[in-house]
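Please keep the sequence and the model side by side while reading.

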Amino acid sequence: MEERNRCVLGFLLLFFTLIRDLSALSITVNDVECVYEYVLYEGDSISGNFVVVDHDIFWGSDHPGIDLIVTSPGGNTVHTLKGTSGDKFEFKAPRSGMYKFCFHNSYSTPETVSFYIHVGHIPNEHDLAKDEHLDPINVKIAELREALESVTAEQRYLRARDYRHRRTNESTRKRVIFYTVGEYILLAVASGLQVAYIRRLFSKSVAYNRV
């Protein structure tokens with residue numbers, strides 16, 4: 001009965017993990033902006049992703065991109081991503097403590113970055129030996145939870161990219177409409193100038209004939 005209760009509790013945990021909000025966090029990066037995540041255990045898996053929301057709208061070929069630098073509690077750099085508009089990352093924590101995730105923007109225009117960070121922990125044989133309350137069922141539940149979290153993270157990443165593409169399409173549509181209206185206005189002005197010029201020529205010709 002106790003084993004059955006643990007299984008039910010584990011699946012309830014997976015269910016509540018599944019229905020959590022899938023939206024990621026966003027920050028505006030002017031120069032350097034940092035966020036922090038605490039890691040409880042050495043060897044835990046740190047994963048996540050980020051997307052520059054307005055990349056396809058304003059970026060040119062000369063844009064240097066966004067850098068992500070992750071430092072450990074000891075101040076050592078443990079992971080870097082350079083000059084990108086968005087990417088995924090995953091690494092093992094070399095130690096427990098507070099980790100710093102810094103986004104660097106060397107461009108003059110502020111950038112909106114949508115990001116997601118997850119710290120995963122799966123008990124190992126050493127944990128099982130130390131804690132008599134742990135058993136293989138709990139380990140399997142933790143593995144299922146991390147597998148589900150991986151799917152959730154991928155959904156977050158795809159949603160952020162989809163949002164960026166929709167903003168790009170909307171911006172492109174507005175620019176096409178603006179250019180089309182501008183072309184019609186220029187065409188109307190050019191046509192009006194041509195009519196006025198022709199009328200002026202005819203008026204001069206009639207005056208000359210009368211003389």
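**Sheet and aromatic rings**

Strand S3 (residues 45-52) and strand S8 (residues 111-120) run antiparallel and are joined by eight bridges. Strands here are DSSP runs (E, at least two residues), numbered from the N terminus, and two strands pair if DSSP finds at least two bridges between them. Within this pairing, serine 47 stands opposite histidine 118 in S8. The model is predicted: local features need pLDDT of at least 70 and side-chain atom pairs count only at pLDDT 80 or more, while totals for chains, interfaces and linings use all residues. Residues are numbered from 1 along each chain as its sequence is written, and side-chain values use heavy atoms, with hydrogens and water left out.

S3 and S8 belong to an open sheet of four strands, paired antiparallel in the order S1-S8-S3-S6. At its edges lie strand S1 (25-29) and strand S6 (86-92), each of which pairs on one side only. From one strand to the next, the twist averages 25°; axes are lines fitted to C-alpha atoms, and angles run from 0 to 180 degrees between N-to-C directions.

Rings of Phe, Tyr and Trp (its six-membered ring) pair if their centres lie within 6.5 Å; planes under 30 degrees apart count as stacked, over 60 as edge-to-face and the rest as tilted. By this rule there are four aromatic pairs. The ring centres of phenylalanine 50 and phenylalanine 103 are 5.3 Å apart and their planes are at 70°, so this pair is edge-to-face. Because phenylalanine 50 lies in strand S3 and phenylalanine 103 in strand S7 (residues 97-105), the pair ties together parts that are 53 residues apart in sequence. Phe50, Phe103 and Phe115 form one aromatic cluster.
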